[in-house]
Structures are given as C-alpha cells and as structure tokens.
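I'll jot things down in the order I looked them up.

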Amino acid sequence: MVSCAGVRKRYGLGRPWVLKGIDAEVAAGQIVHVGGSNGAGKSTLLRILSGASVPTDGARELAPGAGVGYVPENTNPPRGLTAGRYLRHHVRLRGLSNGAGEEVEPLAVALRCEHFLSEPMTTLSKGSLRKFTLIQALLGAPRLLVLDEPFTGLDVDAQEVLAGLLAERARDGAAVVFSDHREGGRRMAATERWEIVAGVRREEEARAPEVGGSDAEFVFWGGPA
Amino acid sequence: MSAVARYMLVEHLGSRRWVAPFLFLASGVIVLYAQPPNPVLSTAGTAAAWMFPAQAWWAFAFLNTQEPGERQTLVATVGARRFAAGRLLGLLALLAIAMVFTAAFPILTGRFERPAHLDEIVLILCANWLCGAAGSGLAALVCEPIVRTRAVPVLFLTGAVVLSIPLDVSPAIETAAAMNRTDASAVPGQLAPETLGIALFLALALPLGARLWRLRE
C-alpha cells in the first residue's frame, strides 16, 4: 500500500537528520505499530508515510488511488467551525458525495461524541477533539490510515472502540500505521512492530498474529491485559 | 481544489486573522480619499500602491491560518498539489476582495472628482491586482513552515516593502507612477514593464515558496 526506501529527513540545511535511512513497507490489511522513545523520529516517519511531508532523500510510494486518512500527534481546533461542519468539509475535501456524510453519525455514535457535533471545535475537550480528528481520518474508507498517538486523550471505552474500528478497517483491506508510546496499556492488534531508534529502524521485536486470524483480536505489547 | 480553498477561507474568516490586515487596507484607502479633489487615475494609483503592504500582510495571515497539525492533515488528505492549488485559489479570492474594495470605495462613495469611465475602472483594477499580487508573492516566501517564527517574516515583509523604494524596484511606486496620468490611453504602455516584472517575480516566488514549504514541512 505504501513504502519508503532510503528515507532521510531533516528540516533545513545544517539541521540534524531526524530520519537516517529508513526502508519500510506496509501492505493492505497490515497493522503496524511504530514505537520508539521521544524524539526518535516516529512522527516524522508517519508524516512522510501519510504524504504530509516529503523526505529530504529517498522515496515514498503510495499505491495509486489509495486515499489517506491521517491524524497528527497534536491538533489545534480549527476556528469558526462546529464539529459537524468540520466533518462536512472533510467529506467535500475527499471528493465524496453527500451520501458519504452519512458515515459521520455512526462513527460519532460509536465514539460517543455525537452530542458535540453542533459545538464549536474550539470549545471541545482534548478527548472530544481527538475523536473528531479520528472521524475525519476514517471518512470515505481510505486505504491507508496513518495515526500518530491516536489513543492519547481518549477514555478507555473510546480506546477500545477505536481499536475495534481500526481492526475492522484492516480486515477490509486497509493498511494501518500508528504510533503509541505508552507502555503497559492495552494495545490494539498489530501485525508488525517497528522500533525507531534515533532516526533508524530497528528490527521488529516480535510478530503478532494476523489480524482477522484465529488468534485473539487484541494483543498486548509490554504487559498483560 | 475549490473545496480546499473554501475550507481555508471559511477557517480564515472564522479565525478573524483577516481583521487587522483588512482594517489596515481599508483605513489607508479611506484616509487617502478623504481629501478632494481626487483625480481618478492618480489617486487610484496611490490607493493601489497601498495594496502592496496591505496584501502582503493579509496573504501572510491567510497562509498561516492553519496550525501545523491541521495543515499536515489537509496535505495528507488531499495531496500536496491540490493543497497548494487550493491555497493559491484562496489567495486569489482574498486578492479579488481587496482589489474590488479598493476600486469600488471611491466610486460608490463619490470620492473621485468626476465619475470614472469604464476603461479607467479596468485600469484601476489592474493596478490593484498588480500591487496585491506582488505583496501576496512576498508573503508566500515567508509563511509557515518555511519560516517558523513571526519576527523574521515581519522584518522581511517590512524590509522588502521599504527597501524596494530606494532600490527602485517597488511595484507600489512604479504602479502609482504609471497611473499618474490624465489620459487613460497612456497608462497601459506605462504599466506594461511593471506587469512583466511582477509576472516574472510571481513565476519565481510561487514555485520557490512551494518548494521551500515541502522541504521544511
């Protein structure tokens, strides 16, 4: 679905290299957990995979026609928009028909934020804002989902719902890449784990069961459930 | 592309970042036309010159409306080309608002010494467009993420507007000088080199700004 080869990134001449040569590939149906310490380059790698940023060296390739859903680590609320209007704009931005807007309500209900659809984005709590940015990424069933710390700020119930939604999308053939720096908490199913250390990718620590396989839907990195 | 521009404009207007630069533009135009007799072309030329700094400010405010996370989300969602095209369309929409306001104000409020003829109105719009486009081009070189601070762009834009005058490359001064005629038929010839120069500047500045943006994002 998406691949990168020899990707290096720095944010200006003379600045340090944030990524120092990363080769990676994510296939349809895969769920990849990107781990690593603060400042390792996870967010930069996710931005490049999503297409939000371009590598300084190397190449990133996305399968033709694959839509991208992206959630950044930090989001400030857009001003002057209610949550519902924000999502309607994203329906149009994706070139979807008005019918695709019908996706909004079930997703908002699933994440328990439907009551805030008419609220201005600037008045939402961090968790609610997170839910709406997640919903915009899921609209139109993009084939690649790149989520930077998607569980941050969500309550436990919403984390489980989100994990289920992402696993469902992967079963439907989407590729999911997400980062989550917390340890010991419940993790969603991942078919692969990348460890980013100081801008390079370390070999996977473990390989989890295939999503949709006979194994449990959720696996737990770093501790028991 | 229009959906991208529409989203950006809605957010820009909702953010109220447009208020200060628009008031800067409007107050300058109102003060300029406060003192009669206001010959049509020469006064409109001076008003067009005011659009150079005003539109540099407004374009800068527009291009910086989105915070990094939201900007990156938009780029990932619609692709870099559509994002850039949407931004350009949004800039053109703001430029159209500013040039129409600057041209319409003296006509609708009867500030000119006589009613403006159609050919003069066309020339006024052209002069406004030239100065506004030059200002927008400057802003495109210093918006986020190309420059991540606010102080440097403010110094750059102010410096460019001021220093272009002694360096004899100010689109504001050149346009005002070209419009300082009583005969409208003489103005297009005077504006031609200015038009060429600004077109060349935009042809360099806009791709350069887009390239720098992609490298720094």
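This is a predicted model: local features need pLDDT of at least 70, side-chain atom pairs count only at pLDDT 80 or more; totals for chains, interfaces and linings use all residues.

**Entry 1: helices on the sheet**

I started with helix H4 of chain A, residues 126–138, which lies across S5 and S6 of chain A and runs at about 165 degrees to S5(A).

I find 6 strands of chain A in an open sheet with mixed pairing, and the order reads S5-S6-S7-S3-S8-S9. Which strands stand at the edges? They are S5 (68–71) and S9 (200–202) of chain A; each has a single partner strand, so one side of each is left without a neighbour in the sheet. On average, neighbouring strands here are turned by 20 degrees against each other, direction ignored.

I picked one pair to check. S6 (residues 144–148) and S7 (residues 175–179) of chain A pair in the parallel sense, over 5 bridges. Within that pair, A:Val146 stands opposite A:Val177. Helix H1 of chain A, residues 42–50, also packs on the sheet. I noted its contacts with S3 (31–35), S5, S6, S7 and S8 (192–197) of chain A, and its direction makes about 155 degrees with that of S6(A).

**Entry 2: chain A as a whole**

I counted up the secondary structure: chain A comes to 5 helices and 9 strands. Along the sequence the pattern goes β-β-β-α-β-β-α-α-α-β-α-β-β-β. Of the 225 residues in chain A, buried ones make up 45%. For contacts in chain A with a separation of 6 or more, 73% come from residues 24 or more positions apart.

**Entry 3: the two domains of chain A**

I have chain A divided into domain 1 (1–67 + 142–225) and domain 2 (74–139). Their contact takes 12 residues from domain 1 and 11 residues from domain 2 of chain A. On the domain 1 side, S6 and helix H5 (156–171) of chain A each supply at least two residues. The largest share of that side of domain 1 comes from H5(A), with 4 residues.

**Entry 4: the nonpolar cores**

Which residues have the most contacts inside the largest nonpolar core? I get A:Ile135, A:Val146, A:Val176 and A:Val177, in a core of 71 residues. H4(A) gives the largest share of this core, 6 residues. Domain 1 and domain 2 of chain A both give residues to the core, so I put it between them.

I then zoomed in on A:Val177, the residue opposite A:Val146 in the strand pair. Leaving out residues up to four places away in sequence, A:Val177 touches A:Val26, A:Val32, A:Val34, A:Leu46, A:Leu49 and A:Val146.

There is also a second, separate core, and this one has 55 residues. Its members include B:Met51, B:Leu91, B:Ala127 and B:Ala140. That sent me over to the other chain.

**Entry 5: chain B**

How many helices and strands are in chain B? I find 9 helices and 0 strands, and the pattern along the sequence is α-α-α-α-α-α-α-α-α. The radius of gyration is 17 Å, close to the 17 Å that the globule rule gives for 217 residues, so chain B is as compact as a globular protein of that length. I also took the box along the principal axes: the C-alpha atoms of chain B fill roughly 50 × 35 × 30 Å.

Burial in chain B comes to 47% of the 217 residues. Residues 24 or more positions apart account for 84% of its contacts with a separation of 6 or more.

Is B:Phe156 buried or partly exposed? It has 17 other C-beta atoms within 10 Å, so I logged B:Phe156 as partly exposed. I also checked B:Phe156 against B:Leu138, 18 residues apart along the chain: their C-alpha atoms are separated by 8.8 Å.

**Entry 6: where the chains meet**

Last stop was the contact between the chains, which takes 22 residues from chain A and 21 residues from chain B. On the chain A side, H1, S5 and helix H2 (83–93) of chain A each supply at least two residues. H2(A) gives the most to that side, with 3 residues.

Notes: Residues are numbered from 1 along each chain as its sequence is written. Chains are lettered from A and ligands numbered from 1 in the order in which they are written. Two strands pair if DSSP finds at least two bridges between them. Axes are lines fitted to C-alpha atoms, for helices over the stretch in contact, and angles run from 0 to 180 degrees between N-to-C directions. Two residues are in contact if their C-beta atoms, placed from the backbone, lie within 7 Å. The radius of gyration is taken over C-alpha atoms; the globule rule is 2.2 Å times the number of residues to the power 0.38. A residue is buried if 20 or more other C-beta atoms lie within 10 Å of its own, exposed if 12 or fewer, and partly exposed in between; C-beta atoms are placed from the backbone. A nonpolar core is a set of buried Ala, Val, Leu, Ile, Met, Phe, Trp, Tyr and Cys residues joined through C-beta atoms within 7 Å. Domain bounds come from an automatic or database domain assignment.
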